[in-house]
Structure formats: C-alpha cells, structure tokens
Amino acid sequence: MRLLISACLLGCRCRYDGASKAHPLAAALAERHDLVPVCPEQLGGLATPRPPAERRGEAVVTAAGLDVTEQYRRGAEEALTLCRFFGCEAAVLKERSPSCGHGRIYDGTFTGTLTAGDGVAAELLAAQGLAVYGESQISELLK
Ligand code: SF4
C-alpha cells in the first residue's frame, strides 16, 4: 500500500523545535509499504524551527497569539496535492500535532491539555476520504 507519512516520523528534523520524532518501526513500515513523506507545516511556508502553535477552533495560533491559520491551511492543501499525485491509499500521521494529529490534539491553551479534534492537514485528508492512522497504530499496518 502507498502511504502518506509525517516526515518527522522518518527522522526528518522538521518539527517546530527543529527535532524529529523518528519512529522505531519506520524502517519496517518502509519495507512493507511505499512511503510518501510530507511535512504540512514546512509545505505551508513555515520556518524550522518555528514557534509552537495550537488549534483554537478553525484558527491556528502561536503561544504569542500570532495567527498562522493560512500557513497551516496551505500546508494541508499541499499535502493533499502530493497525496493525490502519488495515489496514497492512507496516511500515517504524527499524533497530537496541530497539523497531523488525528482524533486528539492540544486544546489551544498551551497547557499540554488534549481535546477531541484533528490537525488541519489530518482533517482535510480525512474529509477527502483517506484513512488516517497515528504512529501508535503503525504496528497494525505491519501485520
Ligand atoms: Fe511532523 Fe506533521 Fe509537525 Fe511536520 S507538521 S513536524 S510532519 S507533525
């Protein structure tokens, strides 16, 4: 299966803090599936490192109150473009991210509190009918 995947899970240092979130099962996943890496926040034109941001309703804001919704939306659209171009059948995305999180994300208070919801890219991809998995489900994709 061809899978869109958050680039940080493959070891790319594209996170807001300039770090990666390399997943120990990423290499095994790459042996079993074709992976197409994307980082919606970089694709949206944001720098790395960059200020952390969280969703507040339809908006995405930094802790300092800067509205970065447009960059997050653009990044989500670019991820969708690549997803379609490569014919990805599902996505494996970094959990809890304001872009990639699916099901549970931080609540916009910058207190580490989770709430129900999707990151901007995950929301768009799911709305287009793509199955979205979090990294905690990678082991399921290896069966
Ligand atoms: Fe990883 Fe997604 Fe954040 Fe990029 S936007 S660093 S791929 S979680």
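Let's start with Arg 96, which counts as partly exposed because its relative accessibility is 31%, the partly exposed class lying between buried (under 20% relative accessible area) and exposed (over 50%), with a 1.4 Å probe and protein chains only. Arg 96 is in the loop between β5 and β6 (104-106); strands here are DSSP runs of E, at least two residues long, helices are runs of H or I of at least four, and both are numbered from the N terminus. Although Arg 96 is not a glycine, its phi is positive, at about 75 degrees.

A word on the ground rules: this is a predicted model, where local features need pLDDT of at least 70, side-chain atom pairs count only at pLDDT 80 or more, and totals for chains, interfaces and linings use all residues. Residues are numbered from 1 along each chain as its sequence is written, and side-chain values use heavy atoms, with hydrogens and water left out.

Phe 110 is another non-glycine residue with a positive phi, near 55 degrees. Its place is the loop between β6 and β7 (114-116), and Phe 110 is partly exposed because its relative accessible area is 25%. For a backbone feature of another kind, go to Thr 48 and Pro 49, joined by a cis peptide bond with omega about -5 degrees. Pro 49 lies in the loop between α2 (40-43) and β3 (53-56).

Helix α4 spans residues 120-127, and its buried residues are Val 120, Ala 121, Ala 122, Leu 124 and Leu 125. Leaving aside neighbours within four places in sequence, Leu 125 is in contact (heavy atoms within 4.5 Å) with Leu 4, Leu 80, Cys 83, Ala 91, Leu 93, Leu 130 and Val 132. Just after α4, Gly 129 takes a positive phi of about 95 degrees.

Finally, the ligand: 14 residues surround it, the closest being Cys 8, Cys 39, Glu 41, Lys 94 and Cys 100, where a residue counts if one of its heavy atoms lies within 4 Å.
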